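Try each task before reading its solution.

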Amino acid sequence: MTWQAALTLLSVLSVLASLALTRIAPDVILMGALAFLIVSGILTPADALVGFSNPGVLTIATLYVVAAGLKETGAVLWLAHRLLGQPQRLRQAQLRVLLPASGLSAFMNNTTVVAMFIPAIQEWAARLKLPPSKLLLPLSYAAIMGGTCTLIGTSTNLVVDGMLQTEKGIELAMFSLAWVGVPLVLVGGAFLYMFADRLLPNRQGVLEQLEQAREYAVEVVVDVKGPLVGKTIAEAGLRNLTYGYLADIERHDRLLTAVPPDTELEAGDILVFIGAPECARELRRIHGLRPAGGDVHKLDIAHHRRCLVEAVIGPDFAGLNQTVRQSRFRSRYQAVILSISRHGKRMQGKLGDISLQVGDTLLLETAQDFVDQYRYRKDFLLVSGLNDSTPPDFRKAPVALAILGAMVAISASGLLSILEAALLAGGAMLMTRCVPASKARRYVDLSVLVVIAASFALGVAMAKTGAAQQIALWLMLIDGLAPWAALALVYLITVIFTELITNNAAAVLMFPIAMAVAEQLGVNFLPFAIAIMFAASASFMTPLGYQTNLMVLGPGGYRFTDYVRLGTPLSLLVGTTAVGLIPMIWNF
């Protein structure tokens with residue numbers, strides 16, 4: 001082994017140890033390794049930076065913009081509420097989780113899917129008196145498995161496909177992986193349906209405890225042309241909100257109090273919710289409801305620039321001791337008061353007739369720069385924005401879904417490559433204003449892209465110096481290693497890497513090793529590349545191996561052992577199925 005190969009292996013081991021044992025950011029570790037490989041002369045700058053021009057990496061970056069359009073328009077929320085429905089029993093709830101989550105994850109970022117499903121599942125758990133721990137981990141696992149069905153389902157698939165394009169001149173089709181991915185979803189989904197209830201604990205989530213320091217009454221109107229007209233309160237998903245509860249309904253000048261869950265909603269109903277400030281954010285995300293105050297629609301602020309803000313009135317406030325109507329608050333501050341809290345209690349009566357006093361806490365809908373503009377002004381003692389409170393623009397949800405559908409159809413038909421279709425879809429999201437360019441930039445996760453692109457340098461170094469071939473020779477020392485056994489070994493090592501480090505880094509590191517193993521055996525390399533795609537996504541045994549596993553950790557109240565208990569048999573089942581099917585479809 002040459003000194004270059006030895007140094008490369010030492011670099012790889014250092015990266016693995018740093019990722020697994022330290023808290024240093026992965027992008028810092030990988031960029032440090034890239035810099036070392038250039039400075040030591042093992043790689044030229046052109047070789048080291050090849051990952052930044054890889055088609056797979058560019059496709060992932062473009063798909064962030066597509067995902068941003070789906071989120072900003074509320075398309076994913078709209079789909080989630082329609083597909084999840086209102087199940088009555090645990091078994092129904094499990095099916096409602098597994099099928100939509102795996103289906104949607106095949107075509108959009110599974111992190112986005114899980115993020116949107118978590119609140120809906122928490123609402124089920126509260127209504128059905130079920131522990132969320134029975135549903136949230138199966139949600140993550142279903143999203144991971146669903147992502148393996150298509151080339152755009154996970155970033156790992158795109159990374160490996162990008163390496164196949166640049167190094168082997170092979171480009172996979174959109175549904176090439178479905179021959180293995182769909183059986184995996186069926187087998188894994190059946191296992192979760194039958195055993196998740198038995199293997200997962202009866203545990204409540206680490207839910208945010210609402211501080212009743214500030215309680216608001218938030219009024220919303222049932223939209224005349226919205227989808228909630230004719231539905232009961234329970235069917236509309238308004239029975240158990242996370243941050244508030246339905247107190248009254250105003251209908252035709254009559255006040256309905258203590259309304260039962262089977263009450264049907266009528267067009268124009270004014271619903272009065274009581275709860276924390278986040279209740280307003282939660283209600284703004286429900287398609288078919290709009291703020292009761294007509295002033296919200298008079299705000300001269302673009303939809304995507306709006307957010308919710310809390311502001312405490314100071315002694316120099318211009319409208320002190322005047323009613324909301326007399327203070328001309330909207331025209332003076334370019335903000336609309338949604339609710340008022342005084343001494344931690346909601347103010348009753350008509351909002352426009354309430355007299356404003358020092359110390360009143362106002363819940364406002366306004367522009368995103370309101371906080372910066374008034375933070376140091378004496379009008380308000382305190383100004384604080386609510387995180388992620390921009391209301392979705394549901395009017396453009398059908399447009400965003402149509403763009404996604406067109407992207408999938410065009411790439412699946414072979415008219416354009418995945419990258420070209422994604423570039424067109426991202427451009428269409430910007431041109432139709434499903435997401436503005438300023439927000440699209442924020443959705444692009446540069447740290448993830450840097451990790452993927454920088455890890456390519458390690459893969460190139462392993463292939464160029466012969467380190468990958470050396471590892472392949474060590475694997476070949478196992479007597480009589482058959483191709484299927486070598487495939488299983490590559491799959492196993494990739495799974496172990498994925499549980500210890502990031503899934504994309506694991507795929508990039510294993511790719512040159514797998515290619516060298518195929519070369520040593522004199523067999524087709526494609527089954528090994530496909531095995532890496534599935535193995536790098538099959539992270540079920542730890543919360544750290546995959547981002548969606550980490551996302552459900554708190555809401556589900558899980559412990560590390562819960563992942564091991566359910567994830568280990570699932571990993572064995574998925575691995576056995578994948579290793580069995582891959583050689584049948586892509587022959588050695």
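**Exercise 1**

In which loop is Arg328 found? State also whether Arg328 is buried or exposed, and describe its phi.

Solution. The model is a predicted one.
Step 1. Arg328 is found in the loop between α12 and α13 (329–333).
Step 2. The relative accessibility of Arg328 is 53%. Exposed means over 50%, so Arg328 counts as exposed.
Step 3. Phi of Arg328 is near 50°, a positive value in a residue other than glycine.

**Exercise 2**

Examine Asn321 and Thr323 in the loop between β6 and α12.

Solution. 
Step 1. Locate the loop: β6 covers 306–313 and α12 covers 324–327, and Thr323 is found between them. Asn321 is found in the loop between β6 and α12 as well.
Step 2. Asn321 is not a glycine, yet its phi is positive, about 65°.
Step 3. With a relative accessibility of 59%, Asn321 counts as exposed.
Step 4. For Thr323, look beyond the neighbours within four places in sequence: Thr323 is in contact with Gly352, Asp353, Ile354 and Ser355.
Step 5. Thr323 and Leu351 are 28 residues apart along the chain, and their C-alpha atoms are separated by 8.7 Å.

**Exercise 3**

Describe how helix α6 (residues 90–105) packs against helix α10 (residues 178–199).

Solution. Two packed helices are described by the angle between their axes and the distance between the axes.
Step 1. The axes of α6 and α10 come within 11 Å and cross at roughly 155°.
Step 2. Angles over 145 degrees count as roughly antiparallel, so α6 is roughly antiparallel to α10.
Step 3. The crossing in which α6 passes α10 is right-handed.
Step 4. From α6, the contact takes in Leu90, Arg91, Gln94, Leu95, Leu98 and Ser102. From α10, it takes in Val185, Gly189, Leu192, Tyr193, Met194, Ala196 and Asp197.
Step 5. Sorted by class, the residues of this contact of α6 with α10 are eight nonpolar, three polar and two charged.

**Exercise 4**

Solution. 
Step 1. α10 and α24 cross in a right-handed way.
Step 2. On the α10 side, the residues in contact are Trp179, Val180, Pro183, Leu184, Val187, Gly188, Phe191, Leu192, Ala196 and Leu199. Their partners in α24 are Arg565, Leu566, Pro569, Leu570, Leu573, Val574, Thr577, Ala578, Leu581, Ile582 and Ile585.
Step 3. The classes in the contact of α10 with α24 are 18 nonpolar, two polar and one charged.

**Exercise 5**

Is Leu184 buried or exposed? Which atom of Leu573 lies 2.7 Å from the side chain of Thr577?

Solution. 
Step 1. Leu184 is found in helix α10. Its relative accessibility is 3%, so Leu184 counts as buried.
Step 2. Not counting residues up to four places away in sequence, Leu184 touches Met145, Thr148, Gly189, Phe534, Val574, Thr577 and Ala578.
Step 3. Leu184 and Thr148 are 36 residues apart along the chain, with 8.5 Å between their C-alpha atoms.
Step 4. Thr577 belongs to helix α24 (residues 560–585). Its relative accessibility is 17%. Buried means under 20%, so Thr577 counts as buried.
Step 5. The backbone oxygen of Leu573 lies 2.7 Å from a polar atom of the Thr577 side chain.
Step 6. Apart from neighbours within four places in sequence, Thr577 is in contact with Leu184 and Val187.

**Exercise 6**

Give the angle, the axis distance and the contact residues for helix α4 (residues 55–72) and helix α9 (residues 155–168).

Solution. 
Step 1. α4 and α9 pack at an angle of about 145°, and their axes are 7 Å apart.
Step 2. α4 contributes Pro55, Gly56, Thr59, Ile60 and Leu63 to the contact, while α9 contributes Ser155, Leu158, Val159, Gly162, Gln165 and Thr166.
Step 3. By class, the contact of α4 with α9 has five nonpolar, six polar and no charged residues.

Key:
Residues numbered from 1 in each chain as written. Predicted model: local features only at pLDDT ≥ 70, side-chain atom pairs only at ≥ 80, totals over all residues. Heavy atoms only, no water. Axes fitted to C-alpha atoms, helices over the stretch in contact; angles between N-to-C directions. Helix = DSSP H or I, 4+ residues; strand = E, 2+ residues; numbered from the N terminus. Parallel < 35°, antiparallel > 145°, perpendicular 65-115°, else oblique. Left-handed = near helix turned anticlockwise from the far one by under 90°. Contact = heavy atoms within 4.5 Å. Nonpolar A, V, L, I, M, F, W, Y, C, P; charged D, E, K, R; others polar. Buried < 20%, exposed > 50% of the residue type's maximum accessible area, 1.4 Å probe, protein only. Polar contact = N/O pair within 3.5 Å; in protein donor to acceptor, adjacent residues only side chain to side chain.
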